[in-house]
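This report looks at a predicted model.

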Amino acid sequence: MGESEAQRPLYARLMQAIDVQHTWGNRVGFVKLPLIMLDIRLYGGAIAQFYMVTEALEAALAKHADHELVAHVRRAISLDNLAPGYAADLRQIFGDGAWPAPTAATEEYVDALRNADPVELVSALFI
């Protein structure tokens with residue numbers, strides 16, 4: 001007899017829930033990625049957007065570090081901070097000067113992360 005949905009690990013349930021969208025997102029990304037990689041400034045612009053979102057997510061998770069769900073998921077997936085690596089790439093590409101500005105979509109998502117509750121933040125980890 002198979003296990004009930006509630007008995008399946010949370011990570012497995014979350015990944016199953018986003019499987020189709022995640023797969024299509026990866027396919028589109030793999031088509032665009034070679035184009036981005038040909039131009040270092042275009043690549044840097046994409047990394048800058050990832051950096052802003054990642055930094056906001058990591059700060060919000062740190063703010064809610066004592067929440068039971070946040071603490072459990074961080075332990076379960078051994079979550080390390082990724083923003084410093086993006087920042088190092090951006091310094092190498094653009095120096096310490098002006099990095100690309102956030103797009104409207106990035107600003108909206110960063111704002112949503114800053115105002116998210118712990119459950120929404122954990123959900124954002126799986127997008």
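## Overall fold

Helices, of at least four residues, and strands, of at least two, are DSSP runs, numbered from the N terminus. On that basis, the elements of the protein chain run α-α-α-α-α-α-α from the N terminus on. The chain has seven helices and zero strands.

The protein chain has 127 residues, and 27% of them count as buried. Take the contacts in the chain with a separation of 6 or more: residues 24 or more positions apart account for 73% of these.

## Helices α3 and α5

Helix α3 and helix α5 pack at an angle of about 150°, and their axes are 9 Å apart. Angles over 145 degrees count as roughly antiparallel, so α3 is roughly antiparallel to α5. The crossing of α3 past α5 is left-handed.

Which residues in α3 and α5 meet? From α3, the contact includes Ile40, Tyr43, Ile47, Phe50, Tyr51 and Glu58. From α5, it includes Ala83, Tyr86, Leu90, Ile93 and Phe94. By class, the contact of α3 with α5 has 13 nonpolar, three polar and four charged residues.

## Aromatic pairs

A pair of aromatic rings is described by the distance of the centres and the angle of the planes. How many aromatic pairs does a search of the whole structure find? It finds two.

One is formed by Phe50 and Tyr86, with 6.2 Å centre to centre and 20° between the planes. Planes under 30 degrees apart count as stacked, and this pair is stacked. Phe50 lies in helix α3 (residues 40-63) and Tyr86 in helix α5 (residues 83-94), so the pair ties together parts that are 36 residues apart in sequence. Phe50 is partly exposed, at a relative accessible area of 49%. Tyr86 is also partly exposed, with a relative accessible area of 23%.

Tyr51 and Trp99 also pair. Their ring centres are 5.5 Å apart and their planes stand at 85°, so this pair is edge-to-face. Tyr51 lies in helix α3, while Trp99 lies in the loop between α5 and α6 (104-114); the pair therefore ties together parts that are 48 residues apart in sequence.

Is Tyr51 buried or exposed? Tyr51 counts as buried, at 14% relative accessibility.

Methods. Residues are numbered from 1 along each chain as its sequence is written. This is a predicted model: local features need pLDDT of at least 70, side-chain atom pairs count only at pLDDT 80 or more; totals for chains, interfaces and linings use all residues. Side-chain values use heavy atoms; hydrogens and water are left out. Rings of Phe, Tyr and Trp (its six-membered ring) pair if their centres lie within 6.5 Å; planes under 30 degrees apart count as stacked, over 60 as edge-to-face and the rest as tilted. Buried means under 20% relative accessible area, exposed over 50%, partly exposed in between (1.4 Å probe, protein chains only). Axes are lines fitted to C-alpha atoms, for helices over the stretch in contact, and angles run from 0 to 180 degrees between N-to-C directions. Angles under 35 degrees count as roughly parallel, over 145 as roughly antiparallel, 65 to 115 as roughly perpendicular and the rest as oblique. A crossing is left-handed if the near helix is turned anticlockwise from the far one by less than a right angle, and right-handed if clockwise. Contact means heavy atoms within 4.5 Å. Ala, Val, Leu, Ile, Met, Phe, Trp, Tyr, Cys and Pro count as nonpolar, Asp, Glu, Lys and Arg as charged, and the others, Gly among them, as polar.
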